[in-house]
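Trainee: Please take a close look with me at one part of this protein. I'd like to know where that part sits and what surrounds it.

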Amino acid sequence: MKRLIFSTRIYFVDVALLLLRVASALMIATHGWPKLSNFSEYLSRFADPLGLGPAVSLQATIFAEFFCALLVALGLLTRLALIPLIITMAVVAFIVHGQDAFGDKELALLYLFIFVSLFITGPGKYSLDTRFGRRGRY
């Protein structure tokens with residue numbers, strides 16, 4: 001037990017990646033699902049931070065927060081699915097909440113750093129990417 005606690009070797013890294021990947025993806029999906037299921041209600045008040053129009057902004061956010069999040073949770077096309085999530089969290093943190101207090105952008109920044117970290121590491125051994133022979137390359 002002492003070796004496990006004080007060692008500088010990384011134990012169970014694939015289990016840790018699985019937990020981080022699934023937990024963060026399912027948590028962000030809970031932000032995307034209400035937008036998908038109440039699209040017209042959200043459309044009337046959704047921000048347009050990039051000047052693409054509220055409908056396109058909302059659709060892109062739903063794509064990232066719900067559909068890409070499910071792919072990340074499964075570990076399928078993980079790195080490709082993380083790109084829209086990283087972009088969405090960067091827009092939320094630095095544009096939508098850019099002038100707000102740190103506490104208002106803290107959650108978006110936390111997700112951003114998690115998704116960037118997962119992009120760097122890949123999905124880990126316990127993913128569909130690995131199962132299908134992609135070995136975390138996607």
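Mentor: Gladly! A residue is called buried when its relative accessible area is under 20%, exposed when over 50% and partly exposed in between (1.4 Å probe, protein chains only). The model is predicted, so local features need pLDDT of at least 70 and side-chain atom pairs pLDDT 80 or more, while totals for chains, interfaces and linings use all residues. Numbering runs from 1 along each chain as its sequence is written, and side-chain values use heavy atoms, without hydrogens or water.

The protein has seven helices and zero strands (DSSP runs of H or I, at least four residues, and of E, at least two, numbered from the N terminus). Its C-alpha atoms fill a box of roughly 55 × 35 × 20 Å along the principal axes, and 35% of the 138 residues are buried.

Our part is α5, residues 78–96. It has 19 residues, which should span 27 Å at 1.5 Å a residue, and its end C-alpha atoms lie 26 Å apart, so the two agree (the expected span is 1.5 Å times one less than the number of residues). Look along α5 and you will find these buried residues among others: Thr-78, Arg-79, Leu-82, Pro-84, Ile-86, Thr-88 and Ala-93. Their cover includes α2, α4, α6 and α7, where contact means heavy atoms within 4.5 Å.

Finally, follow the chain to Ser-127, in the loop between α6 and α7 (128–131). Ser-127 counts as buried because its relative accessible area is 7%. Leaving aside residues up to four places away in sequence, Ser-127 touches Arg-21, Leu-74 and Gly-75. By contrast, the C-alpha atoms of Ser-127 and Asp-104, 23 residues apart along the chain, are separated by 33 Å.
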